[in-house]
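Have a look at the structure first, then read on.

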2 protein chains.
Amino acid sequence: MISFAGGLPAPELFDVEGWRAAFDRALSRPGVLQYAPTEGDPALRALIADRETRRGLPTRADDLLITTGSQQALTLVATTLLGPGAVVAVEEPTYLAALQCFRMSGARVVPVPGDDQGILPEALEDVIDRHQPTLLYLVPTFANPTGRTLPATRRRALARLAETHSLWLVEDDPYGELRYRGTPVPPLAASGDRVISLGSLSKICAPGLRLGWLRAPATLLPSLAVTKQAADLHTSTVDQAAAATYLATTDLDAHIARLRTEYRTRRDAMIAALPAATPAGTTWMDPDGGMFIWLRLPGETDTSATLRTALREQVAFVPGAPFYATTPDPSTLRLSFTTNPPARITTGMHRLAAALSSSVPNQ
Amino acid sequence: MISFAGGLPAPELFDVEGWRAAFDRALSRPGVLQYAPTEGDPALRALIADRETRRGLPTRADDLLITTGSQQALTLVATTLLGPGAVVAVEEPTYLAALQCFRMSGARVVPVPGDDQGILPEALEDVIDRHQPTLLYLVPTFANPTGRTLPATRRRALARLAETHSLWLVEDDPYGELRYRGTPVPPLAASGDRVISLGSLSKICAPGLRLGWLRAPATLLPSLAVTKQAADLHTSTVDQAAAATYLATTDLDAHIARLRTEYRTRRDAMIAALPAATPAGTTWMDPDGGMFIWLRLPGETDTSATLRTALREQVAFVPGAPFYATTPDPSTLRLSFTTNPPARITTGMHRLAAALSSSVPNQ
C-alpha cells in the first residue's frame, strides 16, 4: 500500500542520532524525571521564543506555554474560550481535527467564504455581524488541506477586524517553515494583539515527541495554563529537556533546509504526475509549501467511492468531505506528498490513475 | 526550605541510568519519532496489562488506554462522562486536582461521608438516592490526602451499588504499590464491571515521564479514545517506547521493593517526630502506604495562618481546606514524607514544632 493519506513527515529524514544524543544528555540530570512547571521547561521556552523572534514574531519566554503537541494547544484554547452556544469561524475546508475539537466543546462552527488565497476579510466581517464568533481558527500558511497561503494584506485586514470586534484569531502554524518557493509572509500574530499562535516541532523535527507551544497575550495565558494543569499537569519533562538540549546544540535551520530540499522534490514529483493521473477537468492547487495537494475531480464524482477503488489498487488518500464545516464538496480529495520518496510517489500516482480511470464518470 | 508540601517522589531514588538506557534503546528505531496510535504503544499496553493481571486485576492490552499521566485520564473521564449539571460524588477530603477537574467540566461535586477507613457504603446509597451522581471518584488505597485505605468488604459493597444504580466508579490508584505494612487489598475494579481504573508510572518510576493509563469497560473505551485523540492525538511515542523497553528489561518489582524500604523509614521518621512536634490534642493517621500523613490540630487553628509562620521557619506543608468539596475543616493539614531523607525529615519536624508552638492557641 502506498499512502498519500496521513499528514506524516518522512521518517527516514528524522534526525534519529541527534535526538538520541539529546535524550542521553538530558537524562544525565535526575531532575529530568521529576514533576515540572505547567508552563514548560524554562530553557525550552527561551529557545523557542528566540526562534519565533528570529522568524519575525517578537516573543518572550513568558509569552509561551509548552503543550503536548499543538493538538493539545487547540483543545486548551477550545476548553478555555468556548462553551455550549459559542460560535467558531473557520476557513472552509479546514483541518478536520480542529472541527472535531470545536464540536466537542459544544460550539457552533460557521465557515467564512474565501478563494484560492484563503479567507476574504469582507466575508469575515459579514460572519462577525451575523454570528458574533468568539474566535476565528485558520492555518494561514500552507493550509491543511488546501495548501493555500493567506497574503500579508489579508492578514493585516483580519488582525484589524479582530481588534475592532474583540475576536480572537487562532493561527495554527505547523507548516510555516516548510516553504519550497517564494518568500515568507509575516505571521498573523505580528499584525496584532488578538492572535493566539500555535507552533509545533512535529513537522520540523518529529511528531512522536508531542511537543508544541502556544503563544498568547498576557491576558489569556494564565487561564490557558490553568486548563493545561487540569489536562496533564505538564508536558513530559524528559521530552522537553531533550528538545531544549537539541535546539541548543543542533543547527535546526540546516535540518529544515534539508527537509525543504527533499520535500520540494516530492511535491514536484506529485505535481508532475497529476496531469496524466487525473481525468480531464480535474483541478488542483500547487502549494508553495507544507504537505498537501488539494484536488477537485470533475462532475459528480464522490471521492469516498473512488477511495474504495483506490484501496484495491493499493493506494490511499483522504476524501475531502470531512474537511468541510457545513456542506461538503464530495468531489474533493487531499494528497500528502511528504511521506513517500519521489519514486514511490510516481508508482503511487500510476495506481491512482488506474483507480480514477475506472471510477470517475466519463465527461 | 524543607518542603513536606508537594506529593513528590524522592528524586535520588529515580533509576536514572535504567531510564537513560531504555531511551537509548528505544531511540534506535526511527518509528519512535513518528505519529502513533491514540490508544498507545501495543508493547507498553501488553506489559501494563500483564502487570495489572499479576496484581490481581485480570486485564488485556485492549482494556487499556495509555494517557499523558493519570491526570489526563481523569480529565478524559470528566470530558467524556460529565457535562454541566452532572453530579460527581467524592470522598471528603479528596485529591484537590480532581475537584478542580470536575468543577471545570461544570459538574456539581457532592461529598460522601466516611470514617478513618474511607467512604461508608450506606452513605453512598443515600447520596445516590438524593443526587443521582454519574460517577463516584475515589483513591481507595493510601488516599490523597488522608492516607486511608478502603477495606475489601466496603469495596465489594460499592461495586454492588454501582451495578444496581448504573453508577461509574473511578478508582484512582497511583500509590497502591507503595505499601509499607499489611497485605494488599484487591483493587476495586476486581469487584465489578462499573469501574474505571487509573494507573500511573509517576510514583513507582518517575513523574517526569507523564505516563499513565486508564482501564475501562469495552463499552466506554472507544469514547474515551475519541476524547484522547482531541486532547493530544497520542502520548509521546518516545516516552512510551522507552517505558516498554524499561518494563521488558528491568525488574520493576525489585525497584519498588527499594522504594518501599526507603519510604517506610521516612514515614516512620515523620510519625516518630509528630508527638513532640505537635500540640496536645493533635490527631493524625498513620498510613499503611502512599505518601501522606493527614493531621488535625486542636481547637480553632487555621492552618493557612500556621503555614505563614512555618514558611518563616523554613518548612512547608499543604493546609487541608482545599481538599474539601464543601465545608472545609481549617484545622487540617497534609504532610508528605517521601520527598526528603529521614535526617531532613527530623530537621523539618523541629522547624514545624517551632511554628506550631508559636501559632497554635494554647489549649
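How much space lies in the second largest cavity? About 60 Å³, where a volume is the space filled by probe spheres set on grid points joined across faces, edges and corners. A cavity here is a set of points on a 1 Å grid over the protein atoms alone where a 1.4 Å probe fits but cannot get out, and its lining residues have an atom within 4 Å of a point.

This is a predicted model, so local features need pLDDT of at least 70 and side-chain atom pairs count only at pLDDT 80 or more, while totals for chains, interfaces and linings use all residues. Residues are numbered from 1 along each chain as its sequence is written, chains are lettered from A in the order in which they are written, and side-chain values use heavy atoms, leaving out hydrogens and water.

**The largest cavity**
- You'll find six cavities of 30 Å³ or more in the structure, and the largest holds about 180 Å³ of space.
- Its lining has 18 residues, with Glu52(A), Arg55(A), Asp173(A), Gly199(A) and Trp213(A) nearest the centre.

**The second largest cavity**
- Both chains show up in its lining, which includes Thr68(A), Arg210(A), Thr68(B) and Arg210(B).

How values were computed. On a 1 Å grid over the protein atoms alone, a cavity is a set of points where a 1.4 Å probe fits but cannot get out, and a pocket is an open set with protein on both sides within 12 Å along at least five of seven lines; lining residues have an atom within 4 Å of a point.
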